[in-house]
Amino acid sequence: MTILSEQYKTIASIYDELNADAIDQLSVNLISFMEELKFTPSTVLDLGCGSGRLLRNLQTTIPYCAGCDLSPEMISEARKLSPRINKIECSSMLDLKPDRCFELIICTNDAINYLKPIEWNVLFEKIKQWLHPGGYFYFDFTTNLDIRTVWPHYRDYLEGNGWFCCKINEYDIDQKAGIERQVWFVKQGKDYVRFEEQHTLYGPTLHEIEIFSKNAGLFIKHIIDPISFRKADPENLLRVGMFITTA
Ligand SMILES: C[S@@+](CC[C@H](N)C(=O)[O-])C[C@H]1O[C@@H](n2cnc3c(N)ncnc32)[C@H](O)[C@@H]1O
């Protein structure tokens with residue numbers, strides 16, 4: 001039997017285990033990059049916070065931490081694993097109505113790629129309202145180049161204790177989007193149950209992102225490789241990290 005599952009429903013309970021090293025490295029890099037900028041935020045909002053691991057790590061240096069995620073399963077993991085985070089909401093980042101401004105807003109590990117290009121525009125307008133003047137919005141994303149050229153050939157196989165998963169990616173030329181089909185087999189009792197999830201990711205061009213920023217009254221301050229956090233030429237990267245700030 002195959003169960004068609006909501007995005008992130010199947011992976012939520014193992015997301016932390018699978019991504020712990022990458023998220024911990026991202027926390028270290030983000031904190032040291034902000035130190036270089038002499039930027040010491042006291043509030044952070046994580047859009048698409050997943051299981052909350054990044055927020056948990058940032059709590060060591062940022063006193064007020066809040067996050068939201070669309071997936072109820074990811075939010076329940078975040079609440080379980082991160083009871084000390086100040087506020088965690090189950091909401092789309094586009095529907096969020098924060099009751100305060102933030103000095104730092106983050107959206108990491110390609111969470112922003114789930115938004116359609118028109119929604120990036122909407123999000124950037126909201127970021128302008130939610131961001132403290134002089135604050136930063138840091139996000140990373142899979143580029144248009146990656147989704148168009150690498151995705152159609154990408155296949156992956158993962159396995160762990162009581163589960164295995166195949167990923168098959170393609171490029172949908174009509175939607176201009178990358179489609180990732182995940183086929184999961186999860187042990188329940190003596191049998192394996194098959195789950196399928198489909199993830200659709202959009203990769204706007206750098207030119208489009210410049211326009212979204214400009215329309216919202218924001219501007220791009222730093223462009224980096226999101227793994228090394230070194231400054232980089234975005235034209236050649238498959239994933240990009242950007243620090244955007246108020247004018
Ligand atoms: C790859 S995970 C990244 C999680 C976390 N940011 C990290 O760095 O590990 C992408 C997350 O984005 C969330 N997401 C997708 N669309 C969203 C939306 N419109 N609003 C809020 N969260 C969303 C998913 O539920 C998922 O938890």
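In this predicted model, 18 residues of domain 1 are in contact with 14 residues of domain 2, two residues being in contact if their C-beta atoms, placed from the backbone, lie within 7 Å. On the side of domain 1 that touches domain 2, β1 gives the most, with 3 residues. The residues of that side divide into 8 nonpolar, 7 polar and 3 charged. Here Ala, Val, Leu, Ile, Met, Phe, Trp, Tyr, Cys and Pro count as nonpolar, Asp, Glu, Lys and Arg as charged, and the others, Gly among them, as polar. Domain 1 covers 2–143 + 204–246 and domain 2 covers 146–202, with bounds that come from an automatic or database domain assignment. The centres of the two domains, taken over C-alpha atoms, are separated by 23 Å.

Residues are numbered from 1 along each chain as its sequence is written. Because the model is predicted, local features need pLDDT of at least 70 and side-chain atom pairs count only at pLDDT 80 or more, while totals for chains, interfaces and linings use all residues.

The overall form may be considered next. The protein has 6 helices and 12 strands; helices (H or I, at least four residues) and strands (E, at least two) are DSSP runs, numbered from the N terminus. Its C-alpha trace spans about 55 × 40 × 30 Å along the principal axes. For 247 residues, a compact globule would have a radius of gyration near 18 Å, and the protein agrees with this at 18 Å. That radius is taken over C-alpha atoms, and the globule rule is 2.2 Å times the number of residues to the power 0.38. Among contacts between residues at least 6 apart in sequence, 62% join residues at least 24 apart.

Buried residues make up 35% of the 247 residues. A residue is buried if 20 or more other C-beta atoms lie within 10 Å of its own, exposed if 12 or fewer, and partly exposed in between, with C-beta atoms placed from the backbone. The largest nonpolar core has 51 residues, of which Val44, Leu47, Ile105, Ile106, Ile127, Phe137 and Phe139 touch the most other members. Such a core is a set of buried Ala, Val, Leu, Ile, Met, Phe, Trp, Tyr and Cys residues joined through C-beta atoms within 7 Å. Not counting residues up to four places away in sequence, Val44 touches Leu58, Ile62, Cys65, Phe102, Leu104 and Ile106.

Around the ligand there are 22 residues, of which Gly48, Gly50, Asn109, Ala111 and Tyr114 come nearest; a residue is near a molecule if its C-beta atom, placed from the backbone, lies within 6 Å of it. The elements that give two or more residues to this shell are α1 and β3 (64–69). The shell divides into 12 nonpolar, 8 polar and 2 charged residues.

Two loop residues deserve a note on backbone geometry. Most residues other than glycine have a negative phi. Tyr8, however, has a positive phi of about 75 degrees. Tyr8 lies in the loop between β1 (2–4) and α1 (12–36) and is buried, because 22 other C-beta atoms lie within 10 Å. Lys176 also has a positive phi, near 55 degrees, and is found in the loop between β8 (163–172) and β9 (177–188). Lys176 is partly exposed, with 16 other C-beta atoms within 10 Å.
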